[in-house]
Amino acid sequence: MNFLAQIGRMFLLFLESTGRIAVFAVSSLSHCVRPPFYPRLIGRQMVDIGYYSLPVVALTTLFSGMVLALQSYSGFARFQAESAIATVVVLSITRELAPVLAGLMVAGRIGASMAAEIGTMRVTEQIDALTTLSTNPYKYLIAPRILAGLTMLPLLVLVGDIIGVFGGYIVSIYKLGFNPATYVKQTFDYLETIDVVSGLVKAGAFGFIVTLMGCYHGYNSRGGAQGVGVATTNAVVSAAILILIFNYVITELFFAR
Amino acid sequence: MSTESPKIKIRDLHKGFGSKQVLKGVNLDVGRSESLVVIGGSGTGKSVLLKSVLGIIHPDRGSIEVDGEDVVHLSARERERVNTKFGMLFQGGALFDSLPVWENVAFGLIQGKRMPRSEAKVIALEKLASVGLGADVGELWPAELSGGMQKRVALARAIATEPEIIFFDEPTTGLDPIMADVINGLIVECVRRLGASALSITHDMSSVRKIADRVAMLYNGQIIWVGPVADIDNSGNEYVDQFINGRAEGPIQMQVRG
């Protein structure tokens, strides 16, 4: 009986958290489209999320593209399908790897720092101070971060797509001995607009998830340094899980026949 | 207190967290241009009372009026309008780490009153000067300041918009006695110069004697005594006597073990 009660309690807690996050998300989005706007803060967050995440996303997608070409070759060579490598690399990178890896890397880098920064502001009463200074914390702290996440992740993924495909090209040409012109032709032959667009839509969704989780957990952190630590962990873990779940949902929406 | 309507009027204010009732029917008035200090032990709900007036905490029951307007049920936008009347000095300063000192002081002017940054900076530096800090401090970051300097900056921020009501949350906590006296002196000077009403909470009795016109004692979620600061030593209330003399023996029993 106790065991069942425990399951029931956990389920209720889960529903409560989901409801809270949904209310927070709707409230945050509504503040994104209503004035006052803070262009200076939005710009700062765009630089932080977009520009400073570029090296980590570039390295991740570069090596993913490289290893993808290598793995595909060793597998496809068993049934003489090496010519499919360029297509496999470009589709895997644009549809899946670039958005998911960029989302996860940005969750680690940006989600954690947002939760820590906003959480510290919460426990040191800086968020209360904003309220007393006639400034809505949702507009000042949350909306700029969410707007920056929504716009910067697609740009990062677009760059990641190019670098990832380039990684596959380097390995295919310089290590596996492919013909450069043929490889480039094969890359573009089977690539469709929807492949890139679906990845960019995913990136926008992941940018929203990462910034929302960072802001939500930071904003609701309690109890000093330990509370901020817990908020940071929760922000990264919940963002990573939601990215993987929504990755499936969006793939289903775009490609399920 | 004068006979005109109070600046802040609190009636039957209740607030609980889970099963714990912190405020159990608080009634309190803060007069115009009056400095009222609420005293009471740790955990008696002083901060909850202050945050309820500021709109940071939503009370369960009761009313809070500012200039005759009920502020408990305001929308977020209306609350922002009412908050332009307020200035607040937080216990830990609550300065924004990501902004230089001058921008912290000018924050209410730039964001709240939409003043151009250059104009707001001039006023911020004037306010810093009024709390004894030079223009060079304005370019520093909050983390570079000592505790006393942070309190001064926080005071400058609280008065920058020339508010009608200023709130002080434990203004001398964590300061040495001399710096505490300096801060108390600045509070008195700033409040008088602005002609503002002030609502403070503290358990520092030297601070109470210096900044208060009237004193109210909060105990067990209710105001148990209110009177002029001059009467505090002859309040005739054994709870107040025990508190202001800092005696362990008396009607207030501190829970030493859980």
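Student: What span should the 31 residues of helix 1 of chain A have at 1.5 Å a residue, and how far apart are its end C-alpha atoms?

Tutor: Please bear in mind that this is a predicted model. The expected span of a helix is 1.5 Å times one less than its number of residues. Helix 1 of chain A (residues 2-32) should therefore span 45 Å, and its end C-alpha atoms are 45 Å apart, which agrees.

Student: How many residues of helix 1 of chain A are buried?

Tutor: The count is two among its 31 residues, so a helix counted in this way, with 20 or more other C-beta atoms within 10 Å required for each buried residue, is hardly covered.

Student: At what angle do helix 3 and helix 6 of chain A pack?

Tutor: Helix 3 (residues 54-76) and helix 6 (residues 137-175) of chain A pack at about 35 degrees, and their axes are 7 Å apart. The crossing of these two helices is right-handed. Among the contact residues are Leu54(A), Gly65(A) and Leu70(A) of helix 3, together with Leu156(A), Gly160(A) and Ser172(A) of helix 6. By class, this contact has 16 nonpolar, eight polar and no charged residues.

Student: How is a sheet to be read, and what is the strand order in the open sheet of chain B?

Tutor: Strands of a sheet pair through backbone hydrogen bonds, either parallel or antiparallel. In chain B, six strands form an open sheet in the order 6-7-8-3-9-10, with mixed pairing. Strand 6 (86-89) and strand 10 of chain B are the edge strands, each pairing on one side only. On average, neighbouring strands of this sheet are turned by 15 degrees against each other, direction ignored.

Student: Which sense of pairing joins strand 3 of chain B to strand 8 of chain B?

Tutor: Strand 3 and strand 8 (residues 197-202) of chain B pair in the parallel sense over five bridges, and Val38(B) stands opposite Ile201(B) in strand 8. Strand 3 (residues 35-39) of chain B also pairs in the parallel sense with strand 9 of chain B, over four bridges. There, Ile39(B) stands opposite Met217(B).

Student: Why is strand 9 of chain B described as largely enclosed?

Tutor: Five of the six residues of strand 9 (residues 214-219) of chain B are buried, so the rest of the structure largely encloses this strand. Strand 9 of chain B pairs with strand 10 (residues 222-228) of chain B in the antiparallel sense over six bridges. Val215(B) has Gly227(B) in strand 10 as its bridge partner. The hairpin of these two strands has two residues between them, and Asn220(B) takes a positive phi near 55 degrees.

Key. Residues are numbered from 1 along each chain as its sequence is written. Chains are lettered from A and ligands numbered from 1 in the order in which they are written. This is a predicted model: local features need pLDDT of at least 70, side-chain atom pairs count only at pLDDT 80 or more; totals for chains, interfaces and linings use all residues. A residue is buried if 20 or more other C-beta atoms lie within 10 Å of its own, exposed if 12 or fewer, and partly exposed in between; C-beta atoms are placed from the backbone. Axes are lines fitted to C-alpha atoms, for helices over the stretch in contact, and angles run from 0 to 180 degrees between N-to-C directions. A crossing is left-handed if the near helix is turned anticlockwise from the far one by less than a right angle, and right-handed if clockwise. Two residues are in contact if their C-beta atoms, placed from the backbone, lie within 7 Å. Ala, Val, Leu, Ile, Met, Phe, Trp, Tyr, Cys and Pro count as nonpolar, Asp, Glu, Lys and Arg as charged, and the others, Gly among them, as polar. Two strands pair if DSSP finds at least two bridges between them.
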